[in-house]
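Please read them with the structure open.

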Amino acid sequence: MQKDQLFTRRRMLVAGATAAAGAVGTAGLFVWGTGGQPVRGPAPAAGPPVHSVPMEASAYRLHPLAGHGPHGAVPARTPVRRRPLLRISGRGRTMVLTFDDGPDPRYTPAILDTLAEYDVRAMFFVCGEMAASYPHLLARMADAGHVVGNHTWSHPLLTRLTRRRIRSEMSRTSDVIEDTYGERPRWFRAPYGAWNRAAFQVGAELGMEPLAWTLDSLDWTTPGTRTIVDRVEKGAGPGVVVLSHDAGGDRSQSVWALREYLPRLLDSGYHISVPYRRYA
Ligand code: ZN
């Protein structure tokens, strides 16, 4: 099965055979349809750059991706940044939940179950070697409409690597994401939050925006479920991007914490969503 067909099959599962049918294999607009399900709409008409990602804390104007065709094409014109994006801006009390280092079959399925229970989409910054080991979890993320980002292949400290190694770590991961998730990632996150100029440049060349976080749950220190819940609830706010982990150690506290804070955030009026980017 061709990758495009794979992509289409997965998206059709969730989007239904409506608007997506007309956009098979073409550049399109990635939007959130009614009911929160992703659909691929028709390519927008040529026009001025659209500020497609509601981001702030950056002096750079975002440009729509250009030239992204079928699989393998590298989107052009992604800006090279000097800092990662830290939060999102949007209407109302919108927050983003992100989970790093996975997927891990011990924890990721339970996180996906909780997100599904509350009909919430999140971002997963996966490591290539994990994605290659557990492709079914990437397929599940695609079917549920979650956004998968690039967190390098083996989780190295990028600031100690040559540019060539950085490129290898990131491009291999984008390749395996495309194979397992159905499309190339549009976001990346440096391991340990350790960014450097080469990482920003390589990421931009691969068509990805760097996304950091606003609120570190510090779940990797296994401080106890209650502490994680408290951190997230106290740090909640419009535009906040929460960092948690679904792999890299015992993440059972992260799993249990999500089950507690997610319904409370929703009850408090927060809209949990994912940022999107528009193709040109
Ligand atoms: Zn990480």
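1. Overall. This is a predicted model, so every remark here concerns a prediction. The protein has eight helices and 10 strands. Of its 280 residues, 53% are buried. Among contacts between residues at least 6 apart in sequence, 74% join residues at least 24 apart.

2. Packing of α7 and α8. Helix α7 covers residues 225–235 and helix α8 covers residues 252–267. Their axes come within 8 Å and cross at roughly 40°, and the crossing is right-handed. From α7, the contact is made by Thr225, Arg226, Ile228, Val229, Val232 and Glu233. From α8, Gln253, Ser254, Trp256, Ala257, Glu260, Tyr261, Arg264 and Leu265 take part. By type, the residues of this contact are seven nonpolar, three polar and four charged.

3. Shape of α8. What happens to the helix at Leu258? A kink of about 25° is centred there. The 16 residues of α8 reach 24 Å from the first C-alpha to the last, close to the 22 Å expected at 1.5 Å a residue. After the helix comes Gly269, with a positive phi near 95°.

4. Burial of α8. The buried residues of α8 are Gln253, Ser254, Val255, Ala257, Leu258, Tyr261, Leu262, Pro263 and Leu265.

5. Helix α5. Buried residues in α5 are Ile166, Glu169, Met170, Ser171, Thr173, Ser174, Val176, Ile177, Glu178, Thr180 and Tyr181. Gly182 follows α5 and has a positive phi near 110°.

6. Helix α4. This helix runs over residues 135–144, and Leu137, Leu138, Ala139, Met141 and Ala142 are buried in it. Just after α4, Gly145 takes a positive phi of about 85°.

7. Phe125. This residue sits in strand β4, residues 123–126. Is Phe125 buried or exposed? Its relative accessible area is 0%, so Phe125 counts as buried. Leaving aside neighbours within four places in sequence, Phe125 is in contact with Thr98, Phe99, Asp100, Asp101, Gly102, Gly149, Asn150, His151, Trp187, Phe188, Arg189 and Leu211. Trp187 is 62 residues from Phe125 along the chain, yet their C-alpha atoms are separated by 8.3 Å.

8. The cis peptide. The bond from Gly102 to Pro103 is cis, with omega near 5°. Pro103 lies in the loop between β3 and α2. Gly102 is also one of the residues in contact with Phe125.

9. Thr152 is not a glycine, but its phi is positive, about 70°. Thr152 is in the loop between β5 (147–150) and α5, and at a relative accessible area of 2% it is buried. Leu218 also has a positive phi, near 55°. Leu218 belongs to the loop between β8 (215–216) and α7. Its relative accessibility is 28%, so Leu218 counts as partly exposed.

10. Gly239. Which loop holds Gly239? Gly239 is in the loop between α7 and β9. With a relative accessibility of 5%, Gly239 counts as buried. Not counting residues up to four places away in sequence, Gly239 touches Arg87, Ile88, Thr94 and Thr214. Gly239 and Arg93 are 146 residues apart in sequence and 7.1 Å apart in space, C-alpha to C-alpha.

Note on methods: Residues numbered from 1 in each chain as written. Predicted model: local features only at pLDDT ≥ 70, side-chain atom pairs only at ≥ 80, totals over all residues. Heavy atoms only, no water. Axes fitted to C-alpha atoms, helices over the stretch in contact; angles between N-to-C directions. Helix = DSSP H or I, 4+ residues; strand = E, 2+ residues; numbered from the N terminus. Left-handed = near helix turned anticlockwise from the far one by under 90°. Contact = heavy atoms within 4.5 Å. Nonpolar A, V, L, I, M, F, W, Y, C, P; charged D, E, K, R; others polar. Expected span 1.5 Å × (residues − 1). Bend = angle between axes of the 7 residues up to and from the residue. Buried < 20%, exposed > 50% of the residue type's maximum accessible area, 1.4 Å probe, protein only.
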